[in-house]
Amino acid sequence: MDNDVRHRRRVATAAGLASAVEWYDYFIFGVAAALVFGRQFYPADDPVAGVLASFATFAAGFAARPLGGIIAGHLGDKRGRNRCSSAR
């Protein structure tokens, strides 16, 4: 039973760290979208339009995130977890 508790704690820690890194990545991308991407990728446009275009790119990535989670979760349920649980 001690191994089971240790395993669950390890899985929870790994999941928490992965989530923290993912949200940190979104934070950095959001800051870069506000400060850098507008001037870097849309220099000929109006500065406000460049920032809005970079925020639209950020929003598209943020909106696509749940769809990727659904697809990856489905694949993990169908293929990944079955193989891992049968190996125990």
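**Figure 1. Burial and surface of the protein chain.** Of the 88 residues of the protein chain, 8% count as buried, where buried means under 20% relative accessible area, exposed over 50%, and partly exposed in between (1.4 Å probe, protein chains only). The structure is a predicted model, in which local features need pLDDT of at least 70 and side-chain atom pairs count only at pLDDT 80 or more, while totals for chains, interfaces and linings use all residues. Residues are numbered from 1 along each chain as its sequence is written, and side-chain values use heavy atoms, with hydrogens and water left out. The accessible surface of the protein chain comes to about 7300 Å², computed by the Shrake-Rupley method with a 1.4 Å probe; for residues, only the protein chains shown count as cover. Carbon and sulfur atoms account for 65% of this surface.

**Figure 2. Helix H1 and its bend.** The protein chain has 2 helices and 0 strands; helices (H or I, at least four residues) and strands (E, at least two) are DSSP runs, numbered from the N terminus. Helix H1 covers residues 2–41 and bends by about 55° at Ala33. The bend at a residue is the angle between axes fitted to the seven residues ending there and the seven starting there. Ala33 is also one of the buried residues of H1, along with Tyr26, Gly30, Ala32 and Gly38.

**Figure 3. A nonpolar patch on the surface.** Tyr24, Phe27, Ile28, Val31, Leu35 and Val36 form this patch, with about 580 Å² of accessible area together. Patches are made of residues with over 30% relative accessible area and no salt bridge; like charges are joined within 9 Å, and nonpolar side chains (Val, Leu, Ile, Met, Phe, Trp, Tyr) within 5 Å. A salt bridge is a side-chain nitrogen of Lys or Arg within 4 Å of a carboxyl oxygen of Asp or Glu. Leu35 lies in helix H1 and is exposed, with a relative accessible area of 51%.

Figure 4. Rings of Phe, Tyr and Trp (its six-membered ring) pair if their centres lie within 6.5 Å; planes under 30 degrees apart count as stacked, over 60 as edge-to-face and the rest as tilted. By this rule the count comes to 8 aromatic pairs. Tyr26 and Phe62 form an edge-to-face pair, 5.4 Å centre to centre with 85° between the planes. Tyr26 lies in helix H1 and Phe62 in helix H2 (residues 47–87), so the pair ties together parts that are 36 residues apart in sequence. Tyr26 is buried at 17% relative accessible area, whereas Phe62 is partly exposed at 38%.
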